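Subject: The model we talked about

Hi there,

Here is the structure I promised to pass on. Please have it open while you read the notes below.

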Amino acid sequence: MITRRQAVFLLNFVAGWIDGVGFLALVGSVQAFPSFMSGNSTKIVTDAVSGKFGLAAAIGGVVLAFILGTIVARLLNDGSKRRETAALVAVALGMWSASAGASAGWSKDMLLVALAFTMGMINRSLQGRNGYTVHTFLSGAVVTIGSDIADAISGRGAWRQALVPLSIWGAILAGAALGAVVVLNIGLIGALIAPALVVTGLALANGLSWLQPAADAQDGHPQAIDMHG
């Protein structure tokens, strides 16, 4: 039985992998990330102010694709096993489509948009548990790490509470590192097929009840990392 925590680690690993691959192989003239929308949003503004309106529009397309992917997965995943499996299948199909597109000679811009759409979906594809959630963005997790460490130093919290955001961050960093190694040594197509296989396997495991069920259906919204005041 695959635990929820392990499944979330896998998807965070995949998210980091895709961003590492996208940055090294696809950034090109667009200079956008497949999943880090904070940086992309800033880039839209700075390019527009600099008069690079075409580049700003291209990055805007990446951000829009990410938002649309999130909408699709949110509509698919209501927290039930059947609908959650459908959301995971959609993520897998997005990755296989990007792999096929790379093989067919799609432009870097098209591949970035396809991967951004898929990364938007991955954020709402699996219901987390006990603070373990799928993230393609790290600002919140990093802030939580700092807050948890400060709480531990001051005696307001235990050191172990920092392990949840640290593990999320670590999974993404590990995925980015391995994805970078693979794309540099094997190439883009192989680097896209590998995470597609992982998500396909996870979708199959969920459909066959080999994945630990969610405690309660929460309409696809994973339990978030606690906010610190």
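Below is what I found, starting with the whole chain and then going through some single residues.

First, some ground rules. This is a predicted model, so local features are given only where pLDDT is at least 70 and side-chain atom pairs only at pLDDT 80 or more, while totals for chains, interfaces and linings use all residues. Residues are numbered from 1 along each chain as its sequence is written, and side-chain values use heavy atoms, with hydrogens and water left out.

**The chain as a whole**

The mean pLDDT (the predictor's confidence in each residue, from 0 to 100) is 87, and 90% of the residues reach 70 or more. Please be careful with residues 217-229, where the pLDDT is below 50. That stretch still has 44 contacts in the model beyond near neighbours in sequence, a contact being heavy atoms within 4.5 Å.

The chain has eight helices and zero strands. Both are DSSP runs numbered from the N terminus: helices are H or I with at least four residues, strands E with at least two. Of the 229 residues, 45% count as buried. Buried means under 20% relative accessible area, exposed means over 50%, and partly exposed is in between, with a 1.4 Å probe and protein chains only. Among contacts with a separation of 6 or more, 79% join residues 24 or more positions apart.

**Helices H3 and H5**

Two packed helices are described by the angle between their axes and the distance between the axes. For H3 (residues 53-76) and H5 (residues 108-122), the axes come within 6 Å and cross at roughly 35 degrees. The axes are lines fitted to C-alpha atoms, for helices over the stretch in contact, and angles run from 0 to 180 degrees between N-to-C directions.

On the H3 side the contact is made by Val62, Ala65, Phe66, Leu68, Gly69, Thr70, Val72 and Ala73. H5 brings Leu112, Val113, Ala116, Phe117, Met119, Gly120 and Met121. By class, this contact has 12 nonpolar, three polar and no charged residues. Here Ala, Val, Leu, Ile, Met, Phe, Trp, Tyr, Cys and Pro count as nonpolar, Asp, Glu, Lys and Arg as charged, and the others, Gly among them, as polar.

Asn77 lies in the loop between H3 and H4 and counts as buried, at 1% relative accessibility. What does its side chain reach? The side chain of Asn77 reaches the backbone oxygen of Arg124 at 3.1 Å.

Ser99, in helix H4 (residues 81-104), is buried too, at 5% relative accessibility. A polar atom of its side chain lies 3.4 Å from the backbone oxygen of Leu192. Leaving aside neighbours within four places in sequence, Ser99 is in contact with Ile189, Leu192 and Ile193.

Val14 sits in helix H1 (residues 4-25) and is buried at 1% relative accessibility. Val14 and Ala194 are 180 residues apart in sequence, yet 9.2 Å apart in space, C-alpha to C-alpha. Beyond four places in sequence, Val14 is in contact with Met95, Ile122, Pro195, Val198 and Val199.

Val183 belongs to helix H7 (residues 163-185) and is buried at 10% relative accessibility. Val183 and Val21 are 162 residues apart in sequence and 6.1 Å apart in space, C-alpha to C-alpha. The contacts of Val183 beyond four places in sequence include Val21, Leu24 and Ala191.

Ile149, in helix H6 (residues 139-154), is partly exposed, with a relative accessible area of 32%. Leaving out neighbours within four places in sequence, Ile149 is in contact with Trp159 and Ala162.

Ser209 lies in the segment after helix H8 (188-207). Although Ser209 is not a glycine, it has a positive phi of about 65 degrees. Its relative accessible area is 36%, so Ser209 counts as partly exposed.

Best wishes

Methods. A polar contact is a pair of N or O atoms within 3.5 Å; within protein, one must be able to donate a hydrogen and the other to accept it, and residues adjacent in sequence count only if both atoms are side-chain atoms.
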